[in-house]
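Let's read a model together, one feature at a time. Bring your questions, and we will go from the general idea to the case at hand.

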Amino acid sequence: MKTIKSTPLQEINRILNEILLINVRPSIKKSKNYIENCFENNNYLIGRFSDVNGNPQKAFKLLEEYDYHTAQHGIEVREMSMNLSKHMDKEFDENLLDAALLHDIGKAPLPKEVLYKEKFSGERLTKEEKRKIRTHPIMGESIGIIAKLHPSIVYAAAAHHDYKNGRGYPHINPKGIIEMLVTLYPDIYKESLDKQRIIGNTNLITLCNDMSLIGDASIISVADMICATIDPNRKEYQKKYTKSQLYNILLKRLKDGFYEKNTVRAYLRHEGKKDTLITKIFEIYGIK
Ligand SMILES: [Fe+2]
Ligand SMILES: [Fe+2]
């Protein structure tokens, strides 16, 4: 029988410390103890994630085993991300799809009674419980690193609730996370590093744009919002949204700088709207 070593937990704590060091995220600093406890209580899970060794299918199987609903949500977000990228004339990108599938992987170590309190008991989450759920991007970032998943997946897991206008959480510092990924995954980055002649910290943002990390995370974040809003499993007490209400939310958020214009345009195209109509809709909402 395979014995569970303490190494994965020590490793995750080391990664967590690095994440906290390179990023200025006061809210996460406050939650550090909680995150550490969650990992400690799931030492076995963390050990199994360390065996994933870069294989996204293996990571998905584990997520499905631990958290079936989050895994199903991942499948929906993957499909929506694929639809959006088709309408953005983006080349087929397996990394984007894996990142969409696994974006909420950080929910795996969270206690189910908190994660599904609203869904299954109908009771509202307390402030403290909400704060706990909001740790999932950092959990996901840590798991992604220990599972040696591709940087696109790690970045999306960390940044899918961070918006272009600075709203959201946990306030990922793209330069910081890329710096860490470059150090941790020199083999994956090697080609780009050679091409860009990256020395020290220069051009890290160019590099992450090149690898479309930020672009992919923002597609996933729109797909996530769409799937969560029109989720057929919403409970009776949760507001049910019609398609036109969803358009309204998306367009208002676009105007407020949450999303990229081409991603929202892609969704409207996916819904069968012609470009001339989309231009008119953008004008009505004052979107430049
Ligand atoms: Fe999430
Ligand atoms: Fe999600």
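Q: What should I know about the model and its numbering before we start?
A: This is a predicted model, in which local features need pLDDT of at least 70 and side-chain atom pairs count only at pLDDT 80 or more, while totals for chains, interfaces and linings use all residues. Residues are numbered from 1 along each chain as its sequence is written, and chains are lettered from A and ligands numbered from 1 in the order in which they are written.

Q: How many helices and strands does the secondary structure of the chain come to?
A: Helices (H or I, at least four residues) and strands (E, at least two) are DSSP runs, numbered from the N terminus. Here the count is 18 helices and zero strands.

Q: How do I read burial, and what share of the residues of the chain count as buried?
A: A residue is buried if 20 or more other C-beta atoms lie within 10 Å of its own, exposed if 12 or fewer, and partly exposed in between, with C-beta atoms placed from the backbone. By that rule, 37% of the 288 residues are buried.

Q: And contacts: what percentage of those between residues at least 6 apart in sequence join residues at least 24 apart?
A: Two residues are in contact if their C-beta atoms, placed from the backbone, lie within 7 Å. Among contacts in the chain between residues at least 6 apart, 71% join residues at least 24 apart.

Q: How is a pair of packed helices described?
A: By the angle between the two axes and the distance between them. Axes are lines fitted to C-alpha atoms, for helices over the stretch in contact, and angles run from 0 to 180 degrees between N-to-C directions. Take helix H5 (residues 68-86) and helix H6 (residues 94-101): their axes are 7 Å apart, at an angle of about 145°. The crossing of H5 and H6 is right-handed; a crossing is left-handed if the near helix is turned anticlockwise from the far one by less than a right angle, and right-handed if clockwise.

Q: Which residues of H5 and H6 meet?
A: From H5 come Gly74, Ile75, Val77, Arg78, Ser81, Met82 and Ser85, and from H6 come Leu96, Leu97, Ala100 and Leu101. This contact has seven nonpolar, three polar and one charged residue. For these classes, Ala, Val, Leu, Ile, Met, Phe, Trp, Tyr, Cys and Pro count as nonpolar, Asp, Glu, Lys and Arg as charged, and the others, Gly among them, as polar.

Q: Why is H6 largely enclosed by the rest of the structure?
A: Because six of its eight residues are buried. They are Leu96, Leu97, Asp98, Ala99, Ala100 and Leu101. Their cover includes H4, H5, helix H11 (151-159) and helix H15 (213-229).

Q: Can we zoom in on one residue of H15?
A: Ala223 is found in this helix, and it counts as buried because it has 27 C-beta neighbours inside 10 Å. Beyond its neighbours within four places in sequence, Ala223 is in contact with Val77, Met80, Ser81, Leu84 and Ala100. Ala223 and Met82 are 141 residues apart in sequence, yet 9.2 Å apart in space, C-alpha to C-alpha.

Q: How are H10 and H11 arranged?
A: Their axes come within 7 Å and cross at roughly 165°. The two helices are therefore roughly antiparallel; angles under 35 degrees count as roughly parallel, over 145 as roughly antiparallel, 65 to 115 as roughly perpendicular and the rest as oblique. Their crossing is left-handed. Helix H10 (residues 136-146) is mostly covered, with eleven of its eleven residues buried.

Q: What about phi and peptide bonds?
A: Most residues other than glycine have a negative phi, and most peptide bonds are trans. Lys148, in the loop between H10 and H11, has a positive phi near 55°. With 17 C-beta neighbours inside 10 Å, Lys148 counts as partly exposed. Asp89, in the loop between H5 and H6, has a positive phi of about 50°. Asp89 counts as exposed, with 8 C-beta neighbours inside 10 Å. As for peptide bonds, the one from Tyr169 to Pro170 is cis, with omega near 0°.
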